[in-house]
Amino acid sequence: MSYVAAEGRYGPMPYNRTGRSGLRLPAVSLGLWHNFGDDKPIETQRAILRRAFDRGVTHFDLANNYGPPYGSAEINFGHIYQQDFTRYRDELVISTKAGYDMWPGPYGNWGSRKYLLASLDQSLKRMGLDYVDIFYSHRFDPETPLEETMGALAHAVRSGKALYAGISSYSPERTREAAAILRDMGTPLLIHQPSYSMLNRWIENGLLDVLEEEGAGCIAFSPLAQGMLTGRYLDGIPKDSRAAQGKSLDPSLLTEESLRHVRRLDEIARQRGQSLAQMALAWALRDARVTSVLIGASSVDQLDDSLDAINRLDFTQDELDAIDKDAVDCGINLWAASSAH
């Protein structure tokens, strides 16, 4: 049976302006980093994407090497898009990225013009799209002139293969430089995608200020700290969890000290009438400079729990003060090297 989107999909979801641009993004966006590769049933993926759109999630975020294997998330998304979402293309914001290893040899990694533009062509082919809405430089390349990397993004926009340019995991200083280069090329920096959560607060030390000054938006990935803020690890490591499977969360990070902080945050969430995940997402959105948060979902139920965060986005000052005591760095920023340059 063909998919027809819910009529009330634009009800509860807030849509926030991306910096000083005309583009508005849902407060909660769906990332396809995990759960959309060939290791997950396609029907589960389809159910998650349909439910997300039915609840007002208009932004789907991908990258060239999401999977496993590399490229499979874009291929699977493309199959579902062609069957379910082509009629809704103008209601969707679809993004992809290039910057990490994708294919063998010297031209399948980092930030050269050759790699970025070849990767974008491949991504469009995998997804069956004429263009993406946002194309990102996935990480800063210290060996390639920033003018070359930003020039590739500007070319992607001028060629019509992307509507907007973005960067991910750049330091405040490099972000300012990138924005200036893009502005001179007539392609403003739309958005920065950094990691950000209650256990990884690095963007508060200058990056948000730079984005505000430059008029760029911010979309936070891993706002649930690679799963640490879902409540799944309060009583151990479940066998089907990221930590157990070695996916982006090293079990060694789940120290008793870290879990004490997480447990106290969970208590605050319960007092607010939220799950820990819901409070973590709401907290990441408390600063108006954060346009959207990117969530992952392995099931419709998990998706619904996260999306229910929009039901309670406000905080009292007492709640924020209490959270600050346990919203501490837990060494989970896997992307710190990119933003250290």
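Reader: Where is the place of serine 222?

Author: Serine 222 is located in the loop between strand E9 (217–220) and helix H7 (242–245). These labels come from DSSP runs, numbered from the N terminus: helices are H or I runs of at least four residues, and strands are E runs of at least two. The model is predicted, so local features need pLDDT of at least 70 and side-chain atom pairs count only at pLDDT 80 or more, whereas totals for chains, interfaces and linings use all residues. Residues are numbered from 1 along each chain as its sequence is written, and side-chain values use heavy atoms, with hydrogens and water left out.

Reader: Why is serine 222 called buried?

Author: Its relative accessibility is 12%. Buried means under 20% relative accessible area, exposed means over 50%, and partly exposed lies in between (1.4 Å probe, protein chains only). Serine 222 therefore counts as buried.

Reader: What is the value of phi in serine 222?

Author: Phi of serine 222 is near 55°, which is positive although the residue is not glycine. Most residues other than glycine have a negative phi. Serine 169 also has a positive phi, of about 60°. That residue lies in the loop between strand E7 (162–168) and helix H5 (172–184), and serine 169 counts as buried because its relative accessibility is 2%.

Reader: What makes two rings an aromatic pair?

Author: Rings of Phe, Tyr and Trp (its six-membered ring) pair if their centres lie within 6.5 Å; planes under 30 degrees apart count as stacked, over 60 as edge-to-face and the rest as tilted. By this rule there are 13 aromatic pairs. In one of them, tyrosine 10 and tyrosine 15 are 6.1 Å apart centre to centre with 55° between the planes, and this pair is tilted. Tyrosine 10 is partly exposed, because its relative accessible area is 41%.

Reader: How do you know that tryptophan 103 and tyrosine 115 are edge-to-face?

Author: Their centres are 5.3 Å apart and the angle between the planes is 70°, and an angle over 60 degrees counts as edge-to-face. The pair links distant parts of the chain, twelve residues apart: tryptophan 103 is in the loop between strand E5 (93–98) and helix H3 (113–127), and tyrosine 115 is in H3.

Reader: Are these two residues buried, exposed or partly exposed?

Author: Tryptophan 103, at 23%, is partly exposed. Tyrosine 115, at 0%, is buried.

Reader: How do you know that a charge sits over the ring of tryptophan 110?

Author: The requirement is that NZ of Lys or CZ of Arg is within 6 Å of the ring centre and within 35 degrees of the ring normal. The charged end of arginine 139 sits over the ring of tryptophan 110, 3.6 Å from its centre. Likewise, the charged end of lysine 97 sits over the ring of tyrosine 136, 5.8 Å from its centre.

Reader: Why is H3 called roughly parallel to H4?

Author: The axes of H3 and helix H4 (residues 146–158) come within 8 Å and cross at roughly 30°. H3 is therefore roughly parallel to H4. Axes are lines fitted to C-alpha atoms, for helices over the stretch in contact, and angles run from 0 to 180 degrees between N-to-C directions. Angles under 35 degrees count as roughly parallel, over 145 as roughly antiparallel, 65 to 115 as roughly perpendicular and the rest as oblique.

Reader: What makes H8 roughly antiparallel to H11?

Author: H8 (residues 256–272) and helix H11 (residues 317–326) pack at an angle of about 160°, with their axes 9 Å apart. H8 is therefore roughly antiparallel to H11.

Reader: Which residues does serine 258 contact, apart from its neighbours within four places in sequence?

Author: Serine 258, in H8, is in contact with Met228, Leu253 and Cys330, where contact means heavy atoms within 4.5 Å. Serine 258 has a relative accessible area of 7% and is therefore buried.
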